[in-house]
Amino acid sequence: MTRETIACGRCRTIRSEEQWSSLRRVARVDGEGLSGVVVRWPVDVVVIVRECSCGALIARLASRDSEHGDHGTGSSNDTQ
C-alpha cells in the first residue's frame, strides 16, 4: 500500500514517504466515516489526509496496523 514517492496534485511537488509523513495531518477517515458513500470498506484500511505546503490536501490509503508508524503521525486536530 505504499509508494516510493507522493506527488501533490496541485503544485506537483514530489515527496518521499518520510517527507509526506512530516506534513500536517488534517484527517483520518475509516470505514465508519465513509459509510455514507462506500458500501463496503476494508476494516484494516484508513485514509490519511495531509496538507501540502501549497495548501492542497493529499489523501492516501494506509493500513490501520501501520498507520501510526507509517504515515500516521500527525497533529492532535485529526478528524474522522
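**An antiparallel sheet and its strands**

Reader: In what order do the three strands of the open sheet stand, and which strands are at the edges?

Author: In this predicted model, three strands form an open sheet with antiparallel pairing, in the order E3-E4-E5, where strands (E, at least two residues) are DSSP runs numbered from the N terminus and two of them pair if DSSP finds at least two bridges between them. Each edge strand has a single partner strand, so one side of each is left without a neighbour in the sheet; these are E3 (24–29) and E5 (57–63). Residues are numbered from 1 along each chain as its sequence is written. Local features need pLDDT of at least 70, side-chain atom pairs count only at pLDDT 80 or more, totals for chains, interfaces and linings use all residues, and side-chain values use heavy atoms, with hydrogens and water left out.

Reader: How many bridges join strand E4 to E5?

Author: Strand E4 covers residues 45–51 and runs antiparallel to E5, with Val46 standing opposite Ala62 in E5. The two strands form a hairpin with five residues between them, and Gly55 in the turn has a positive phi of about 100°. The number of bridges joining E4 to E5 is seven.

Reader: Which residue lies over the face of Trp20 at 4.8 Å from the ring centre?

Author: A charge sits over a ring if NZ of Lys or CZ of Arg is within 6 Å of the ring centre and within 35 degrees of the ring normal. Arg60, on the covered face of E5 with Ile58 and Ala62, lies over the face of Trp20 at 5.1 Å from the ring centre. At 4.8 Å from the ring centre lies Arg50.

Key
Helix = DSSP H or I, 4+ residues; strand = E, 2+ residues; numbered from the N terminus. Buried < 20%, exposed > 50% of the residue type's maximum accessible area, 1.4 Å probe, protein only.
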